[in-house]
Amino acid sequence: MPQRVTRTDAELLLKTLHALFKTRALYPPGHGAVQKAAQALDRALVDVFQTPDPLLLGVADGYLVVGGVAFLGDNLQARELGQRLEARGLEGVLLLPTVRSTDLAGFLEWLRAGEAQEWENPRVTVTRLNREGEAWARGRRLHLKAVAALESVCRDVEQGRIPDPTHAQECVAGLAQLLDEHPTLVRGLTLLKDYDQYTYFHSVNVSVLALGIGRQIKLTDPELECIGIGGLFHDIGKTRTPVDVIRKPGRLSINEVTLVRWHPVYGRDILDQMAGLPPAVPRLVYEHHMRFDGGGYPGRPERAPLHPLSQLIAVSDVYDAMTTHRPYSAPLPLPVAVQALVEGSGTQLEPAVVRAFLSMMGPTPVGSLVRLASGEAAVVTRIGDEGAVNEVRLYSTPAGTLLAEAEQLLRPVGSGDVTGWVTSLSPRIDPFKAVSSGR
Ligand SMILES: [Fe+2]
């Protein structure tokens with residue numbers, strides 16, 4: 001266990017460490033000022049290390065923590081060192097009691113120089129920020145927040161109030177920002193499903209997928225905002241469809257189909273009343289069931305063009321609906337759903353949008369259950385830019401026995417390692433967890 005120190009000792013260590021950092025920036029190593037700073041640091045180390053335990057310098061949310069004592073951003077020395085550590089992608093530096101100022105001078109020099117070479121010294125060891133793991137956790141939180149924001153908007157509509165979309169818009173902006181920083185997250189974030197709240201989860205997934213396609217075809221930020229919000233609200237008109245029709249298992253009667261087909265019209269009318277939305281959003285929602293070839297619903301005059309962005313929502317909607325478990329249908333395996341989009345290209349769906357979707361997700365998307373040439377079954381966890389699978393998480397032995405959780409390891413794979421997809425393996429397998437955990 002790293003040792004905890006008093007605030008006085010932590011301040012002393014921070015002050016002398018920072019002084020050495022500054023003097024080394026100004027003077028050559030043999031200069032008197034540097035030697036004086038090094039001696040002061042050595043004396044501080046003797047005072048601070050009262051036990052044989054190591055001492056941890058950590059960075060968390062902009063705070064520097066020295067031996068368990070937190071320094072906020074108003075401490076300039078802590079702020080400067082904390083920023084240097086973060087800039088090198090470090091979240092912790094562990095100092096052994098045998099550490100001396102010469103070790104730390106070398107470390108501070110490495111910190112300042114920013115060279116690609118890894119730092120190595122057994123008396124000063126570093127731990128790196130788990131940036132990908134953090135991004136997945138952030139994605140999950142944002143997804144759940146967006147679900148809650150949408151639920152609240154829908155409740156307002158159901159109770160006859162005009163909703164304020166601000167919170168939902170903030171959620172979409174957060175998702176857009178996350179995908180800007182971590183574009184590959186779009187491939188796994190839509191694996192989040194919830195049968196009981198499938199409409200809300202589906203709507204957030206449509207928003208995420210549409211944002212992903214939008215990035216792929218290099219839309220502007222205002223256009224991304226439009227499709228993110230349009231995706232989130234695309235089925236808001238269903239709040240006016242009787243719930244027993246929405247949740248009915250099996251085939252709908254002709255009357256029920258007619259009722260359902262009003263939802264894009266209701267959606268447009270609801271969104272028209274809401275203040276602060278980008279002006280194109282009601283139209284995107286109105287057109288999300290219109291087909292590329294002129295069919296679909298609501299009907300439109302022959303050759304009337306679609307809004308250039310509405311097919312991004314249509315493609316995302318069709319894909320996520322096919323891969324989601326709903327009262328009337330089981331989800332399709334992800335590669336089958338991609339194939340169905342390709343088959344609908346040029347008739348139901350706009351080819352350029354399907355192409356962008358395919359290059360984003362690949363023919364065997366992240367989350368697909370696959371069989372390897374070795375006979376083992378696995379979940380796809382990463383694909384390359386060209387769409388080829390390059391990493392999986394193993395779930396079964398070649399003989400078909402499910403692996404225990406500790407044995408479900410990530411494995412890099414190359415071309416030819418994946419021989420096909422499988423329909424189902426075990427209901428206990430959570431594709432989102434397969435993709436996001438252990439990063
Ligand atoms: Fe819809």
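Trainee: Which residues coordinate the iron ion, and at what distances?
Mentor: This is a predicted model, in which local features need pLDDT of at least 70 and side-chain atom pairs count only at pLDDT 80 or more, while totals for chains, interfaces and linings use all residues. Residues are numbered from 1 along each chain as its sequence is written, and side-chain values use heavy atoms, with hydrogens and water left out. Donors are N, O and S atoms within 2.8 Å of the metal (3.2 Å for Na, K and Ca), and water is not among the atoms, so sites may look incomplete. The iron ion is coordinated by Asp235 through OD and by His263, His288 and His289 through NE2, at 2.1 to 2.3 Å.

Trainee: Why is the arrangement of the four donor atoms classed as it is?
Mentor: Four donors count as tetrahedral if all angles lie between 85 and 135 degrees; four count as square planar and six as octahedral if opposite donors are over 155 degrees apart and all others between 65 and 115; anything else is irregular. Around the iron ion the angles run from 83 to 171 degrees, which makes the arrangement irregular.

Trainee: How many residues apart are Asp235 and His289?
Mentor: Helices (H or I, at least four residues) and strands (E, at least two) are DSSP runs, numbered from the N terminus. Asp235 sits in the loop between α9 (221-232) and α10 (243-246), and His289 in the loop between α13 (281-286) and α14. The pair links distant parts of the chain, 54 residues apart.

Trainee: Is Asp235 buried or exposed?
Mentor: Buried means under 20% relative accessible area, exposed over 50%, and partly exposed in between (1.4 Å probe, protein chains only). His289, at 23%, counts as partly exposed. Asp235 has a relative accessible area of 8%, so Asp235 is buried.

Trainee: Where is the cis peptide bond that involves Pro298?
Mentor: Pro298 lies in the loop between α13 and α14. Omega is about -15 degrees for the bond, which joins Tyr297 and Pro298.

Trainee: What is phi of Arg303?
Mentor: Arg303 is found in the loop between α13 and α14. At 76% relative accessibility, Arg303 counts as exposed. Its phi is positive in a residue other than glycine, near 65 degrees.

Trainee: What covers the buried residues of α15?
Mentor: The buried residues of α15 (residues 334-344) are Leu334, Pro335, Ala337, Val338, Leu341 and Gly344. Contact means heavy atoms within 4.5 Å. The cover includes α14 (310-322), α16 (351-361) and β10.

Trainee: In the sheet that contains β10, which are the edge strands?
Mentor: Two strands pair if DSSP finds at least two bridges between them. Five strands form an open sheet in the order β9-β8-β7-β6-β10, with antiparallel pairing. The strands that pair on one side only are β9 (410-412) and β10 (418-421).

Trainee: In the sheet with the order β3-β2-β1-β4-β5, what angle does α3 make with β2?
Mentor: That sheet is open, and its pairing is antiparallel. Axes are lines fitted to C-alpha atoms, for helices over the stretch in contact, and angles run from 0 to 180 degrees between N-to-C directions. Helix α3 (residues 76-87) packs on the sheet, touching β1, β2, β3 and β4 (90-95), and its direction makes with that of β2 an angle of about 100 degrees.
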